[in-house]
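Please look over the sequence and the structure shown below before reading on.

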Amino acid sequence: VEASAVPAQQRGPWMTFLRSLASSKGDLSSITAPPFILSGTSLVEYSKFWAELPDAFVAPTMILDKEERALAVLKWFIATLKGQYTSRNETLGSEKKPLNPFLGEVFLGKWETETEGTTILVSEQVSHHPPVTAYAIYNDIYGIELQGYNGQKASFATTTLNVRQVGHAVLYIKKFDEYYYITLPTLHIEGLFYGAPYVELEQNTLIQSSSGYRATIEYSGKGYFSGKKNTFKAKFYAGEESAALYTISGQWSGKSTIMNEHTKKESLFYDATEHNVVPLIVKPLDQQADYESRRAWEKVAAAVQVMDYDTIHVEKSKIENQQRELRKKEKELGIKWQRRYFELIEDEGPLKDLAELAGVEPDEKVWRFDREAFEHSTDSKL
Ligand code: HCR
């Protein structure tokens, strides 16, 4: 029997929390959780996990062969998973409940590395009900840009929380005028009963390139493909062909190998344990605008650190009340909240065709980055 990680005085509230999860209607943000499971980080920050390895992010731009390039995109994608889905376990001891971003909350930063130069991140909460975060990450030296948006739909079954991701990501490589349409995996949260939650991925991700190459990645936890957690099996195809050129398999948080289906030769594909993330540079709090994530949540985050529930509650309520006031004013004036750097547009461009090629139902409207708006704002001085 596993020991409970729930502090003795929070066991009652933890059981109440689990019960409220069971009766919640998919909106995780509205549920109050006990302090030990809270994180002082807002969900709007999570977009950074796409490019914490700037070398892997820009690598495809330097590859002339389109098959090799599509494989490098797959490698970058696999490389992002460890940060996206296990980093809280490493830094905070378990998965935690992130802060629920308010509409218009922005998280900005840059990575500065000797070889890759500057890579910029712009992340914005573009919807509150349902929660949706949109982001753009770009490096102009290498001519690569990632844009995407995501929301989550949750459901609870026995002691597991199932989370379906809504949205997609699109990678664009300027030099080759090439797009990659990326779907997001479904996940579930285990270990809830013991108060030690962790994420396991399930179902699949599809990466469809405008060059025709396609990768399907299937995820599984302990015991399906192997006895190990965080496992995946990817098949890499050219065009419409049904026979895979390569099979890549292993652990996304550890080692994976690639097998050439023609020669049956196998070699190391990626070893997640050998790569250290590059920390994002974020402006000091006193230079941030009020709507920037870390500044806006500063007091809540400090209270979360010391598990001061009263202050967490008081400071959270201040933000929520301000938001309520804003929405009321907009209603009175008959205006809508103007998103800062993203707009919701009809998807008529190459992405719609790509989604169709990938066999994915395209979203009628998609959130797209308005780079001009960002560059004309003071926020672009990172
Ligand atoms: C499900 C989750 C919020 C959403 C997080 C997402 C899906 C956000 C987009 C990122 O690109 C990837 C990502 C990674 C996270 O693993 C995932 C979070 C894990 C937990 C959190 C729940 C809302 C928290 C539930 C509360 C539990 C821990 C008690």
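Does Thr-115 count as buried or exposed? The model is a predicted one, and in it Thr-115 counts as exposed, because its relative accessibility is 57% and the cut-off for an exposed residue is over 50%.

## Thr-115 and its loop

Thr-115 belongs to the loop that runs between strand E3 (106-113) and E4. Although 61 residues separate Thr-115 from Pro-54 in sequence, the C-alpha atoms of these two residues are 9.2 Å apart in space.

## The ligand and its shell

The ligand is surrounded by 21 residues, and the closest of them are Leu-28, Gln-84, Arg-88, Asn-150 and Gln-165.

The site of the ligand is the largest cavity. Two or more residues of the shell around the ligand come from each of helix H1 (11-23), helix H3 (66-92), strand E6 (144-157), strand E7 (160-173) and strand E9 (186-190), and the largest share, 3 residues, is given by H3. By residue class, the shell around the ligand holds 14 nonpolar, 4 polar and 3 charged residues.

## Arg-69 in helix H3

Helix H3, which gives the largest share of the shell around the ligand, also holds Arg-69. Which side of the cut-off does Arg-69 fall on, buried or exposed? Arg-69 counts as buried, because its relative accessibility is 3% and a buried residue is one under 20%. The C-alpha atom of Arg-69 is separated by 8.3 Å from that of Ala-59, a residue 10 positions away along the chain.

His-168 is buried, because its relative accessible area of 2% lies under the 20% cut-off. With which side chains does the side chain of His-168 make polar contacts? One partner is the side chain of Tyr-181, in a contact of 3.2 Å, and another is the side chain of Arg-368, also with a contact of 3.2 Å.

Thr-205 is placed in strand E11 and has a relative accessibility of 0%, so Thr-205 counts as buried. A polar atom of the Thr-205 side chain lies 3.4 Å from the backbone oxygen of Thr-183, while a polar contact of 2.7 Å joins the side chain of Thr-205 to that of Tyr-219.

## Backbone features in the loops

Where is Pro-130 found? Pro-130 is in the loop between strand E4 (117-127) and strand E5 (132-139), and the peptide bond that leads from His-129 to Pro-130 is cis, with an omega near -5°.

Positive phi values in residues other than glycine can be pointed out at two places. Asp-177, in the loop between E7 and strand E8 (178-183), has a phi near 45° and is not a glycine. Gln-203, which is found in the loop between strand E10 (198-202) and strand E11 (204-209), is likewise not a glycine and has a positive phi of about 55°. Gln-203 is partly exposed, because its relative accessible area is 49% and the exposed class begins only over 50%.

Val-360 lies in the loop between helix H7 (350-357) and strand E18 (365-369). At 23% relative accessibility Val-360 counts as partly exposed, because the buried class is limited to values under 20%. How many residues apart in sequence are Val-360 and Leu-206? The two are 154 residues apart in sequence, and in space the distance between their C-alpha atoms is 9.1 Å.

Terms used:
Residues numbered from 1 in each chain as written. Predicted model: local features only at pLDDT ≥ 70, side-chain atom pairs only at ≥ 80, totals over all residues. Heavy atoms only, no water. Near = heavy atom within 4 Å. 1 Å grid on protein atoms, 1.4 Å probe; cavity = no way out; pocket = protein on both sides within 12 Å on 5 of 7 lines; lining within 4 Å. Sits in = over half its atoms within 2 Å of the grid points. Helix = DSSP H or I, 4+ residues; strand = E, 2+ residues; numbered from the N terminus. Nonpolar A, V, L, I, M, F, W, Y, C, P; charged D, E, K, R; others polar. Buried < 20%, exposed > 50% of the residue type's maximum accessible area, 1.4 Å probe, protein only. Polar contact = N/O pair within 3.5 Å; in protein donor to acceptor, adjacent residues only side chain to side chain.
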